[in-house]
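Let's take a walk through this model together, moving from a sheet to a helix and then to one residue between them.

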Amino acid sequence: MKDISMTRRKLAILVGIVIAVGAMALIFWPTSEVDDHAGEDDHAQEEAATEIPEGVITLSEEQISEAGIQLASVRSGAAVELVFPATVAASPTASARIDARASGVVRSVGKTLGDYVARGETIARIESADAAALASQVSAARARVSELSAAYERERRLFEENVTARQDLEAARANLSVARSELQRAQAAVAAAGVSGDGRSLAVTSPLAGRITAAPIVLGAFVDAGEELYRVVDPNGLQIEVALPSAEASRIQPGDEAVLVVGDGREIGARVRSVTPSLDPESRSATAVLSLSRGVPGLQPGAFLQARIRPSGEIDRDRIAVPEDAIQVVEGRDVVFVRTKTGFQARDVELGTRSAGRVTILSGLQEGWQIAVANAFLLKAELGKEGATHGH
């Protein structure tokens, strides 16, 4: 009986162990659902391993050649640019101050501030005693010519009739010639002064075409001779004046290239036309005069700008500059396409200044890399196609 009891106890223990092992197996044995997810994860990892990285374009040497994509090596060395404040001014031949030619009362005002005027156009009139004096001179000279013309004709007839001597005829001819010269002078003075037909007013005319930038003239006001009435500026004749500190003045030479930055961020090409040979005794600075490469709408004398001048021959070896054609904008980012073993990689870059068709690169490129220059926009288009394919 004792042996049978021991055997039953052992069997019970074995059955308990088997049941426990079975329960553990049920708990930890992987289900089909888990297997399915695991399979999906493995598939995703395989896809990630074979997917082309973002920004990479695969092209063979033959494809690059057929597309006409030109390469250039990144080299250190960018043109030095010196930054100075600048002022817009009118050149001496593109600005005019129009003063009253004689004392009198302003009887008409044809133009006002901001208006465009043509060269020689009458823009106001002044009623003046000088106008009457000029008109009377013409009248007197004309009467004198008439009188001496009659005297000459009389002497000519008498000479032909052998009544008078040749010297009397020659004297009459000389007097008539002088009178005619006086009439021409008086008429020229009237024309230059713009005397009206009634001989009462003088014309105020513009010596050049441009826009009126100042108009202190007042209708009905009495003005003295030499008093300022208008200022006219030709917008196509503007120049830029740059104050150069004494330490930098010797570095700037005529012919140096420059870039002007206006208030709205626009950049305008310019060139140094001249530099004063001496320093201003008060400011201790020289003045560089810059000529604009083209007319700039809205640019007014007296406006302040920023001038970036590139001294000829000076190179900054710590910076990199690349052609503007190499810079492409992809999804709002500035990128350069760098040559790889299998094609190109779009690299984000930080841009600096632009000048003479080149752009300074502050970060994103290394010396020695090869980049796409001409026709780089084709790579941008190809990148857009691949991005659409991969859902980027």
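Two strands count as paired if DSSP finds at least two bridges between them. With that in hand, look at the sheet in this predicted model: an open arrangement of 4 strands, in the order β9-β8-β6-β11, with antiparallel pairing. At the edges sit β9 and β11 (222-223), each of which pairs on one side only. Strands of a sheet pair through backbone hydrogen bonds, either parallel or antiparallel. Strand β6 (residues 104-109) and strand β8 (residues 122-127) are joined in the antiparallel sense over 4 bridges, and Val-105 stands opposite Glu-127 in β8.

Now turn to helix α4, which covers residues 129-160. Its 32 residues reach 47 Å from the first C-alpha to the last, close to the 46 Å expected at 1.5 Å a residue. Ser-128 caps the N-terminal end of α4, with a side-chain oxygen 3.1 Å from the backbone nitrogen of Asp-130. Just after the helix, Asn-162 takes a positive phi of about 60°. The buried residues of α4 include Ala-131, Leu-134, Val-138 and Tyr-152, and what covers the buried residues includes α5 (166-193) and β9.

That brings us to Ser-201, which lies in strand β9 (residues 201-205). Is Ser-201 buried or exposed? Its relative accessibility is 10%, so Ser-201 counts as buried, the cut-off being under 20%. The side chains of Ser-201 and Arg-125 are joined by a polar contact of 3.2 Å. Beyond its neighbours within four places in sequence, Ser-201 is in contact with residues including Glu-127, Ser-128, Ala-131 and Val-195.

How values were computed. Residues are numbered from 1 along each chain as its sequence is written. This is a predicted model: local features need pLDDT of at least 70, side-chain atom pairs count only at pLDDT 80 or more; totals for chains, interfaces and linings use all residues. Side-chain values use heavy atoms; hydrogens and water are left out. Helices (H or I, at least four residues) and strands (E, at least two) are DSSP runs, numbered from the N terminus. Buried means under 20% relative accessible area, exposed over 50%, partly exposed in between (1.4 Å probe, protein chains only). A polar contact is a pair of N or O atoms within 3.5 Å; within protein, one must be able to donate a hydrogen and the other to accept it, and residues adjacent in sequence count only if both atoms are side-chain atoms. Contact means heavy atoms within 4.5 Å. The expected span of a helix is 1.5 Å times one less than its number of residues.
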